[in-house]
Amino acid sequence: MITTTKDIMKKLASWLKEQKITEVEAVISDFTGIARGKIMPSNKFIAEKGIRLPESVLIQGVTGDYVDDEIYDDLISAAEIDMILKPDESAVHMVPWALEPTALVIHDCYDKQGNLISMAPRTVLKNVLALYEAKGWTPVVAPELEFYLTKRTANPDHPLQPPIGRSGRPESGRQSYSIDAANEYDPLFEDVYDWCDEQGLDVDTLIHEEGAAQMEINFRHGDALSLADQVFVFKRTVREAALKHDINATFMAKPISHEPGSSMHLHQSFLDKDGNNIFSNKDGSPTNMLYHYIGGLQKYVCESMPLFAPNVNSYRRFLSNTSAPVNLAWGIDNRTVSLRVPESSGKNLRVENRLAGADANPYLAFAGSLLCGYLGMINEIEPSEAITGNAYEDSKDKRLPLNLEEALALMEQSDILKETLGSLFVRSYVEVKRAEYQNFKEVISSWEREYLQMTV
């Protein structure tokens, strides 16, 4: 039975009334992961029976700028036709920090003929999940998201610094897995957990990571689309909780010099129609599917890299011996590789993709990882030999692209991504990210001023 927009709106109207919601945030995700949409009184949201936004909001860069006019005209219709936004009743969340009862409703983007807009990040993930559905496989994912807490500063030229904790002192030195260091920010994380509960975000463990005031939140494993929605909402939740406590939270991949970068590790496994893990034989040993999944990631990750590392800053994270990958090696219970198979029992066998940065759009990072692995399984691609030692020193596997410019060139040339994700999406994404890169190149860094001004 197909659920119509009218049926969904009727259910939402009833829920909004029950929860006494007075305001609604109707949102979609753009390429960066910024929530774009409209805020309106709940009665107007119900009366509208469908929100409209121009297609162009999907291709705004992180600076708010667009691509050059000539390229823009190729990507967007001359009339700048509105998209029709349809709410997803399974993606409705409270907004606990709002001053009045408010709900956030995630929408999908459609054209006037009722087709999903291919450029929309949520559509990209849905299309990849449809490939799995056709095979009778259900993806099970579990993201781990790292971020930094920092002092507030209005000047972007000032280096970020750890905030003051309960002790009245900022962190210094490395504090991996320190309970006391995490407890420095107890009031903030009490709000985070309370707000996550109110929003139905399935967060699990809090860990203090290696960097100064660097934290990690693990999500419980579950449905890929739902968890992408949750990560999308969670980032905003953490930022709002931090602001309440007069500090900032950042999901930049490498926000602080000489500190570790922040990742979004993604654990992945798949169930067949009977609920069995397709990576595990009956005796608990790995199936060929697991190896082929890894093989697909190794073959296609480089041309998909802008989905995992979407910004100029993303590539500062990929340095040897910094808990971040630099090549496409894989191994069992090995944290120096890009693709890790954690030590686990048969039904829990999974692949951990360690490539994505915390700055990645969750819809696109999930879609990229699931697509590469899918292509590996259907084409029976064999992986390289597993690395048992230090992958920074021992691996001969292919290196990752060194910068955004190189990664975009690989993505632009990828026929398989155009075929599976759609040529319009690939071109739009590459052009927006290339425009951001050109914008970045116009800014002179403090390093250049310090070391080149008086020496060259």
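**Salt bridges across the chain**

Mentor: Arg220 counts as partly exposed, at 39% relative accessibility. The cut-offs are under 20% relative accessible area for buried, over 50% for exposed, and partly exposed in between (1.4 Å probe, protein chains only). This is a predicted model: local features need pLDDT of at least 70, side-chain atom pairs count only at pLDDT 80 or more, and totals for chains, interfaces and linings use all residues. Residues are numbered from 1 along each chain as its sequence is written, and side-chain values use heavy atoms, leaving out hydrogens and water.

Arg220 pairs with Asp202 in a salt bridge, with the closest N and O atoms 2.7 Å apart. The two are 18 residues apart: Asp202 sits in the loop between helix H6 and strand E7, Arg220 in the loop between strands E8 and E9. Asp202 is partly exposed, at 30%. Elsewhere, bridges with shared partners join Asp88, Asp108, Arg122, Lys126 and Asp229 into one network. A salt bridge here is a side-chain nitrogen of Lys or Arg within 4 Å of a carboxyl oxygen of Asp or Glu. The structure holds 19 of them.

Asp246 and Arg152 form another, at 3.2 Å. Asp246 lies in the loop between helix H7 and strand E10, and Arg152 in the loop between strand E6 and helix H5, so the pair ties together parts 94 residues apart in sequence. Asp246 is exposed at 54%; Arg152 is partly exposed at 45%.

Glu89 meets Lys11 at 3.7 Å, N to O. Glu89 is in strand E4 and Lys11 in helix H1, so this bridge ties parts 78 residues apart. Helices (H or I, at least four residues) and strands (E, at least two) are DSSP runs, numbered from the N terminus. Glu89 is partly exposed at 35%, and Lys11 is partly exposed at 47%.
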